[in-house]
Amino acid sequence: MDTREPQIADTTHQSDHLYKGRRASLPLDIIVIGCGLGGLAAAYCLAQAGHKVTILEAAFAISDVGAGIQASPNVSRLLKRWGLGPHLEELGVKPHNLSIRRWENDEVVGFTPFGETFVKEYGSPYYHVHRADFHRMLYVAVEPHCNIRVGCRVVSVDPSKPSVTLASGEIVSADVLIGADGVKSITRQYVVGGPDAPMATGDSAYRALIPTEKLLQDDDLKSLVEKTESIIWMGPRGHIVGYNIRAKKEYNLVMMHPDEAEGGVESWTEGGNVERMRECYQGWNIVIQKLLALIPSTLDWKLMVRDPLPSWIHKDGKLALLGDSCHPMLPYRAQGSAMAIEDAAVLGNLFSHCSDRSQITPLLYAYQSLRYERATATQVSSNLNRYIFHHPDGPEQEERDNQMRAAMEDALRVARGEKSTLVLEGNANQWADKTKSDIQYGYDADEETEKWWLANGDKLMSFVPSISEAAN
């Protein structure tokens, strides 16, 4: 961990600030497997719901890894509700807009306002954040309320007891197991019924961070810092995403490219070849060439995909999956961490109602019912952007660009105070599609859970005995 650790006041973690002050009348022992963003969020929400939570993390230390990630309004509203708003403001960057550009000449073909437009539309900002800062904020929030055990690699799971066996031989038991152990999940295997190998997408992603002071010294690059945009450069068989993070001290680049490697490693931390990276983007515009020249080293992330699971719950009803362990997202829609944190919020909200162990299984299935369709739809939307962004130059690319230009002109009309004159549903710029954006960014995990509970909670709880009935 580096020295930029945010100081979070204890007042942000009052026990009654979530779920309308509701806490489970029966505290459960819950094990969360994995200390990533999803695991930390799940632990925080379940602890706030009144449960005793232990996180088991395989790594021996929580390291400063990763690069930029995006916290859209559907997740930033949750983080603010958890008391983390001041730290998002301090360490995050709020992009003014999305700019979609051509690979060859840097021409802007797509534009969507973010900034205050998103705040007005969805009630919460859009942030760009370094993953390590994001993780640290959650870790500091979680630590006072949970037992976080590092160096505890889970080697087997008994979903019926339920319990896990660690590499040390220790057996740890609980009432509920939550598998938040990412794309290489061991818990997923128990839900699926065996090994579940991922499939290669044919893409990899180079990742790099550049100090913005270097960009500010170049007339062709300084606007990338000064304008505070989120930029996507689209090109044949690949695209590049760029934006500022860490209070505009670093510029984050994610560079999608054809995966030429045999085998490969599904890892955020696998080293890449800088010369090969530059070869991938020969002929791209001068801005890209200058950015690549500033990168001394890179990571190369092989992008793998898994089909949606038929169920996230083990048949014995005491083990559930969360985040990338059950719905891994390709990065083309920037919603992977958002879906995991939404999962966590729904899980915590539901389990704040728990009053009897016999309610565990129906509450887990309620969680899946609330989350499955949305997470799966987001996976599909992410995969669609891969197809849209990677057209080779030709008729399909020209049609895509014309759609985006039309949406950009419409957005600029609205910014001038005029009325929209274009139907944007199905536009190649998915961020310009108001219907899609309303669904994606207008979602409030807590509100959706409260509404679901009002409609279904009595019926769900009628299948299990109350504490008083169980005592008779």
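Because the model is predicted, local features need pLDDT of at least 70 and side-chain atom pairs count only at pLDDT 80 or more, while totals for chains, interfaces and linings use all residues. Residues are numbered from 1 along each chain as its sequence is written, and side-chain values use heavy atoms, with hydrogens and water left out.

Let me begin with helix α14, residues 434-441. Helices here are DSSP runs of H or I of at least four residues, strands are runs of E of at least two, and both are numbered from the N terminus. Which residues of α14 are buried? They are S437, Q440 and Y441, where buried means under 20% relative accessible area, exposed over 50% and partly exposed in between, with a 1.4 Å probe and protein chains only. These residues lie on the same side of α14, because they cover an arc of only 75° around the axis; the arc is that of the directions from the helix axis to the C-beta atoms. An α-helix has 3.6 residues a turn, so residues three or four places apart point the same way.

The cover over the buried residues of α14 includes α2 (73-81), α4 (115-122), α11 (336-351) and α12 (360-389).

After α2 comes G83, with a positive phi near 90°.

I turn now to α11. Its axis and that of α12 are 10 Å apart, and the two helices pack at an angle of about 155°. Axes are lines fitted to C-alpha atoms, for helices over the stretch in contact, and angles run from 0 to 180 degrees between N-to-C directions. The angle makes α11 roughly antiparallel to α12; the cut-offs are under 35 degrees for roughly parallel, over 145 for roughly antiparallel, 65 to 115 for roughly perpendicular, and oblique for the rest. Contact, meaning heavy atoms within 4.5 Å, involves residues including M339, V346 and F351 of α11 and I360, Y367 and T378 of α12.

How do α11 and α15, residues 445-461, meet, and at what angle do they cross? Their axes come within 9 Å and cross at roughly 40°, and the two helices are therefore oblique to each other. On the α11 side E342, A345, V346, N349 and L350 take part, and they meet A445, D446, T449, E450, W452 and W453 in α15.

Next, strand β2 (residues 52-56) holds T54. The C-alpha atoms of T54 and C146 are 5.8 Å apart, although 92 residues separate them along the chain. Leaving aside neighbours within four places in sequence, T54 is in contact with I30, I31, V32, N147 and R149.

I close with the backbone. Most residues other than glycine have a negative phi, and most peptide bonds are trans. K161 and P162 are joined by a cis peptide bond, with omega about -10°, and P162 sits in the loop between β8 (154-158) and β9 (163-166). T228, in the loop between α8 (222-226) and β13 (229-235), has a positive phi near 50° and counts as buried at 7% relative accessibility. K248 has a positive phi near 65° and is partly exposed, at 28% relative accessible area.
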